[in-house]
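Subject: Structure handover, cavities and pockets

Dear colleague,

Please read the notes with the structure open.

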Amino acid sequence: MQTSQGVARGGRDRFLDVVRAGAILAVIAQHWVMPVLSYSGGTLATGNALATPGWWVVTWLSQVMPLVFFAGGAANLISFRRAKSTRIWLGARLKRLMLPVLPLMAVWLVMPDFLRGLGIPPQPLQVASAIAAQLLWFLAVYVLVVLLTPLMVAAHRRWSLKVPLVMGVAGVLVDVARFNDLGYIGYANAIFVWVAVHQLGFHYVEGRLGSLTRRAALTLSAAGFGITAMMVAFGPYPASMIGMPGAPVSNMSPPTVLLAFLAVGQIGLLLAFRPQLNALAERPGIGNALSWLGARFMSVYLWHMPALIVVAGVTVYGLGYETPAPGTLLWLVMAPAWFAVCGMVLLGLLRLFAHFEMQSDTAEVTARVPQLVVAGLMISGGLLGLAAHGFAPLSDGIAHGPVPWIVLATAGFLLAGKQVPVVDLLGRAVAVTERAAVRR
């Protein structure tokens, strides 16, 4: 099996570092540039700058979640093949993913009541509490993808490119059902679409993607973007790759198969310039920045929206600032200042909370694989619940607020460490039952 020239078994792949860093910076830029905000009479009015006519084209490059899953797939395969066992790899992965979330949950468990005590009206408080939690959807899905990784690695080595192709076909069928009055089935593509893109990361590490010529990569990119354009022009898909206010259909929530084709276009485009990106990463200043960001990747992702909340709270709610009309000269002048202030607040939050992600967890993982699967499902369920419901004030009632979801996710984190005999026995019982069924 071909192995990517850029992946060294004993070192880091700088191309993947650039892709990850570029993706998180694009996520931050998109989230900080999108809000169109004003406050009056106890109500925070929110809009989306990317809803400006013609600006949808920006989302074809700024919607980088496909690249996050692609880079995650490559990184997961590299780390999985280095791990001593599936159990050790799963345990370490789950704990590393959850550690940066713990301070976020702790802060926002009490923050809504604190803000209410300061006299913040209910509507802007609800908006802030929802925004602080909404990005946890990515972690909820990514944890499921991590749980599937050992199986998908085996599938990749047996069936190679057929795996993402089958996932893509399944994604198309899900969309067909979704657009024929079976709307909720669309959430199945949170697995089919993102696992398909995750598998492409495998093909970068062990496959032809890692050795494409520039011409071949550009051809792949043109095919991906071309199919995306055709599906937008002749299908039921909106042109924007992110959800827009009032739009009847979103390509993102739940994801449509369109994002898999967008991923092909984006990946091919980056692969075409991989030598230049690798050379860029070798520059001392850039290399240091990549290392700094790589060590804080999840913390930057989790805290960039709270940074936006702080800045918006002070300027829009506190000082009466209104976002200028998107695209105007004033908007273009104010955007850099807005970014700079948000960036300073984010750096302050990282100084407080990034060390949770950066600390090395020396505790031995003794949990067996069945227990780790249960732990992962609990973590995913808890994070998904928080993303869907937000951080409501505790004074509104504990049972219907964030507490049950936080407890579920935290219990999963704890379960991912030490072995619990009951869970282990349950896992063994399931394994015995499966073997008995196979014999029959």
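The notes below cover the cavities and then one of the pockets. Please keep in mind that this is a predicted model.

Cavities

There are three cavities of 30 Å³ or more. The largest cavity has a volume of about 120 Å³. Its lining consists of Trp 32, Val 33, Pro 35, Tyr 321, Thr 323, Pro 324, Trp 331, Met 334, Ala 335, Trp 338 and Phe 339. Two helices, H1 (14-33) and H15 (329-353), each give at least two residues to this lining. H15 supplies the largest share, with five residues. By residue class, the lining of the largest cavity has ten nonpolar residues, one polar and no charged.

Second largest pocket

The second largest pocket holds about 1200 Å³ of space. A total of 43 residues line this pocket, and those nearest its centre are Arg 12, Ala 75, Ser 79, Arg 93 and Arg 96. Two or more lining residues come from each of H1, H3 (65-82), H4 (86-98), H7 (136-159), H13 (284-295), H14 (297-318) and H16 (355-358). The largest share here is that of H4, at eight residues. The lining of this pocket divides into 23 nonpolar, seven polar and 13 charged residues.

Helix H1 gives at least two residues to the lining of the largest cavity and two or more to that of the second largest pocket.

Regards

Conventions:
Residues are numbered from 1 along each chain as its sequence is written. This is a predicted model: local features need pLDDT of at least 70, side-chain atom pairs count only at pLDDT 80 or more; totals for chains, interfaces and linings use all residues. Side-chain values use heavy atoms; hydrogens and water are left out. On a 1 Å grid over the protein atoms alone, a cavity is a set of points where a 1.4 Å probe fits but cannot get out, and a pocket is an open set with protein on both sides within 12 Å along at least five of seven lines; lining residues have an atom within 4 Å of a point. Grid points are joined across faces, edges and corners, and a volume is the space filled by probe spheres set on the points. Helices (H or I, at least four residues) and strands (E, at least two) are DSSP runs, numbered from the N terminus. Ala, Val, Leu, Ile, Met, Phe, Trp, Tyr, Cys and Pro count as nonpolar, Asp, Glu, Lys and Arg as charged, and the others, Gly among them, as polar.
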